[in-house]
Amino acid sequence: MNPYAWPIESDALTLVPAFVLGYYLVVRHRSVERWRIACFAGSLLLLVAVFATPVDTLALHFLLTAHFLQNVTVAEWAPALFVLGLPPALARRVHVPMLPALAAWLGTYFVWHIPAVYDFALRNQHTVLHAEHATYFLAGLAVWWPVIHGAYRPATKAAYLFAAFVLVSPLGLLLALLPDPVYGFYKFRPTVWGLSHLTDQEIAGTTMAAEQAVVFFAAFTYWFLRFLKNEELAGGLARYPDSAQPASSSLRTSSTPSRQISSSSSSGRS
């Protein structure tokens with residue numbers, strides 16, 4: 001089989017047009033920033049890139065690394081951009097609590113990476129594997145929703161993202177350090193580029209852990225800096241409370257003498 005063959009069928013070719021139509025119906029009467037539309041489009045392009053190109057062929061028949069690339073795309077990158085693309089006024093109507101979302105996302109990741117479950121999904125690519133990718137995407141939407149549209153403090157969001165990284169990172173690191181391949185589905189299939197099955201697994205685990213470190217640390221840094229900025233502003237107001245006096249109060253105060261002078265002038269003329 002040609003490892004660089006383009007897939008004949010792909011869920012992305014069905015789901016992406018459906019997502020586009022749904023998004024259009026949601027935002028057609030709303031003012032949405034262009035960067036949000038770009039984020040939504042980027043989410044769909046990522047799905048096409050990993051499920052409707054030779055990446056899918058490599059993932060289903062040759063490389064664990066390619067399948068891991070699909071997993072992180074559908075569980076992290078694409079959902080993050082998808083949620084960023086939603087209008088806040090609409091998205092904030094849906095409350096997604098942090099702890100259940102994080103638990104669902106972690107559970108989805110770890111359960112699907114159990115070797116027996118992983119192999120079972122790959123051997124049933126027209127049913128179970130579709131369910132795997134769907135649950136990854138839904139769990140990814142859930143884990144990013146409270147960060148992007150939740151009414152939580154920046155400190156809480158930063159802690160949440162740090163916890164997500166700390167709890168999920170051992171999975172990739174463990175796979176990178178194991179002395180033998182653990183997924184039987186790939187053991188009896190050819191690889192490409194001269195990679196052994198163990199090297200393929202090591203690359204897959206290492207790149208997954210590195211990707212999660214970059215993504216979650218970047219998001220954590222953003223919210224941590226927001227927290228520090230809020231603390232700095234709060235400290236400044238506490239030290240200089242007079243600076244918080246509304247400008248309208250000053251205008252009213254400064255305008256009082258003018259009204260008094262005007263009143264005096266009028267009474268003098270009378």
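**A tour from the cavity to the core**

Start with helix α11, which gives the most to the lining of the largest cavity, with 3 residues. The model is a predicted one. Select α11 (197-239) together with α10 (184-187): each supplies at least two residues of that lining. To see the whole lining of the largest cavity, select Leu64, Pro181, Tyr183, Tyr186, Lys187, His197, Asp200 and Gln201. The space they line has a volume of about 60 Å³. How many cavities of 30 Å³ or more does the structure hold? The count is 1.

Next, select helix α6, residues 98-112. Its 15 residues reach 21 Å from the first C-alpha to the last, close to the 21 Å expected at 1.5 Å a residue. Now colour Met98, Ala101, Leu102, Trp105, Leu106, Thr108, Tyr109 and Trp112, which are buried in α6. Look down the axis of α6: the buried residues fall within an arc of 155°, so they line one face of the helix.

Stay on Tyr109 and show its surroundings. Leaving out residues up to four places away in sequence, Tyr109 touches Asn71, Val72, Ala75, Glu76, Tyr136, Val168, Leu171, Met208 and Gln212.

Then widen the view to the largest nonpolar core, which has 62 residues. Which of them touch the most other members? They are Phe68, Trp105, Tyr109, Trp144, Tyr160 and Leu161.

For the last stop, select Leu58, Ala59, Phe62 and Leu63. They are among the 6 residues of another core, which lies apart from the largest one.

Terms used: Residues numbered from 1 in each chain as written. Predicted model: local features only at pLDDT ≥ 70, side-chain atom pairs only at ≥ 80, totals over all residues. Heavy atoms only, no water. Core = buried A, V, L, I, M, F, W, Y, C linked by side-chain atoms within 4.5 Å. Buried < 20%, exposed > 50% of the residue type's maximum accessible area, 1.4 Å probe, protein only. Contact = heavy atoms within 4.5 Å. Helix = DSSP H or I, 4+ residues; strand = E, 2+ residues; numbered from the N terminus. Expected span 1.5 Å × (residues − 1). Arc of directions from axis to C-beta. 1 Å grid on protein atoms, 1.4 Å probe; cavity = no way out; pocket = protein on both sides within 12 Å on 5 of 7 lines; lining within 4 Å. Points joined across faces, edges and corners; volume = space filled by probe spheres on them.
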